[in-house]
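Please open the structure in your viewer and follow the selections below in order.

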Amino acid sequence: MIVVLTSLRLRSLWGFFRLSWHGLQISRQAKKQQGFLSLKNTGLGHNHFTMSAWKTEEDMKAFAKSGAHLTAMKESATISTTIKTLMYSTDKLPSWKEAKQLLNEKGKALHYH
């Protein structure tokens with residue numbers, strides 16, 4: 001399976017409301033998407049994380065480039081200062097502790113100013 005880890009640092013705590021709205025729309029989209037296996041999220045304050053699992057990389061890319069996810073990506077610079085992502089193939093989902101460590105060590109970062 002393909003696992004995608006994402007961390008997002010909010011510009012302001014008020015951004016949580018916009019992030020939550022996008023999260024709800026993205027969750028609804030993911031559950032209908034071909035190849036979707038799992039979606040989890042956690043976070044507090046300025047730092048938020050997602051973990052999704054997909055049957056194939058093609059399934060994940062089709063999801064990422066469409067619908068609610070694409071809309072949220074277009075607004076990410078207004079909500080966040082930094083987004084980190086990591087995609088990899090594995091047989092099991094990592095714990096949140098492992099996921100955060102992987103993102104810090106290997107995640108690709110986008111910084112918005």
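How do the residues of the lining of the largest pocket divide into nonpolar, polar and charged? There are 21 nonpolar, 15 polar and four charged residues; Ala, Val, Leu, Ile, Met, Phe, Trp, Tyr, Cys and Pro count as nonpolar, Asp, Glu, Lys and Arg as charged, and the others, Gly among them, as polar. The model is predicted: local features need pLDDT of at least 70, side-chain atom pairs count only at pLDDT 80 or more, and totals for chains, interfaces and linings use all residues. Residues are numbered from 1 along each chain as its sequence is written, and side-chain values use heavy atoms, without hydrogens and water.

Next, select α1 (15-32). This helix (a DSSP run of H or I, at least four residues) supplies nine residues, the largest share of the lining of the largest pocket.

The axes of α1 and α3, lines fitted to C-alpha atoms over the stretch in contact, are 8 Å apart at an angle of about 160°. The two helices are therefore roughly antiparallel (angles over 145 degrees between N-to-C directions, on a scale from 0 to 180).

Finally, show the side chains at the contact (heavy atoms within 4.5 Å). Residues of α1 there include R18, H22 and I26, and those of α3 include H69, A72 and E75. By class, this contact has four nonpolar, seven polar and two charged residues.

Technical notes: Parallel < 35°, antiparallel > 145°, perpendicular 65-115°, else oblique.
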